[in-house]
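Let's walk through this structure together, one part at a time. Have the sequence and the 3D view ready, and follow along as we go.

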Amino acid sequence: NIRAIAVSLGFPFGFLALYLAFDYGYGMLSDESLGFFFHNPFTMACVRLIKFISPDEGVVAVQNTLLSGKGNLTIVRTCDGADGFFMICAAIAMFPSSLYKKTQGLLLAFAVTILLNVCRITGLYFLKAYLPDWFEPAHVDIAPIIILSINCAVFAFWLCSVKGAFNGKC
């Protein structure tokens with residue numbers, strides 16, 4: 001049945017189109033706006049967590065960079081967790097559910113994304129400062145897989161809250 005095939009393809013193609021639209025819109029933001037509204041406050045959150053873990057670390061935030069005598073780490077457009085956030089947002093937006101449930105899912109996704117990425121950047125800072133050989137593999141390979149896996153788990157958790165998603169069997 002052609003209609004059934006078209007309906008079943010709607011989610012993946014809609015997901016892809018929405019993800020690409022989010023990514024395109026994000027790319028259109030100026031670096032100044034992104035820094036002022038997101039990267040700079042995000043960097044401050046990372047500094048607070050580093051100082052909580054290690055009060056004598058001597059790390060400071062200068063715009064979107066963590067500075068210390070042990071190493072510097074700059075948070076840039078491609079390393080701020082936006083891609084993972086856009087993926088989970090596109091999945092939630094495309095899944096058939098109420099606006100209320102979608103809003104809950106998007107707020108959960110935002111909170112988890114911020115928390116994960118503050119922890120990720122903090123961990124990367126400590127690796128760069130104390131175990132520099134581990135920085136690159138953690139940054140390029142390990143952390144993205146962990147973040148993607150957790151985002152998938154968050155989406156699955158959200159799906160279980162959507163009435164009728166699995167006929168009550170989660």
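A salt bridge, as used here, is a side-chain nitrogen of Lys or Arg within 4 Å of a carboxyl oxygen of Asp or Glu. Keep that in mind for later. What you're looking at is a predicted model, where local features need pLDDT of at least 70 and side-chain atom pairs count only at pLDDT 80 or more, while totals for chains, interfaces and linings use all residues. Residues are numbered from 1 along each chain as its sequence is written, and side-chain values use heavy atoms, with hydrogens and water left out.

Let's begin with the overall layout. The protein chain holds five helices and three strands; helices (H or I, at least four residues) and strands (E, at least two) are DSSP runs, numbered from the N terminus. Read from the N terminus on, the elements go α-α-β-β-β-α-α-α. Along the principal axes, the C-alpha atoms fill a box of roughly 65 × 35 × 30 Å. The accessible surface comes to about 10,300 Å², and 71% of that belongs to carbon and sulfur atoms; areas like this come from the Shrake-Rupley method with a 1.4 Å probe, and for residues only the protein chains shown count as cover. Of the 170 residues, 35% count as buried. Buried means under 20% relative accessible area, exposed means over 50%, and partly exposed is in between (1.4 Å probe, protein chains only).

Now for the strands. They make an open sheet of three in the order E1-E2-E3, with antiparallel pairing. Strands E1 (60-62) and E3 (73-74) stand at the edges with a single partner strand each, so one side of each has no neighbour in the sheet. Two strands pair if DSSP finds at least two bridges between them, and E1 is joined to E2 (residues 65-67) by three. For example, Val60 has Leu67 in E2 as its bridge partner. In the loop between E1 and E2 you'll find Gln63, whose phi is near 55 degrees, a positive value in a residue other than glycine. Most residues other than glycine have a negative phi. Gln63 counts as exposed because its relative accessibility is 59%.

Back to those salt bridges: how many are there? The count comes to two. In one, Lys70 pairs with Glu57, and the closest N and O atoms are 3.8 Å apart. Lys70 sits in the loop between E2 and E3 and Glu57 in the loop between H2 and E1, so this pair ties together parts that are 13 residues apart in sequence. Lys70 is partly exposed at 39% relative accessible area, whereas Glu57 is buried at 4%. The other joins Arg77 to Asp31, with 2.6 Å between the closest N and O atoms. Here Arg77 lies in the loop between E3 and helix H3 (82-94) and Asp31 in helix H2 (residues 31-53), so the parts tied together are 46 residues apart in sequence. Asp31 counts as exposed, at 54% relative accessibility.

Next, head over to helix H5 (residues 132-161), where Asn151 is found. Is Asn151 buried or exposed? It's buried, because its relative accessible area is 7%. The Asn151 side chain reaches the backbone oxygen of Gly84 at 3.4 Å. That's a polar contact: a pair of N or O atoms within 3.5 Å, where within protein one must be able to donate a hydrogen and the other to accept it, and residues adjacent in sequence count only if both atoms are side-chain atoms. Leaving aside neighbours within four places in sequence, Asn151 is in contact (heavy atoms within 4.5 Å) with Gly84, Phe85, Ile88, Val112, Thr113 and Leu116.
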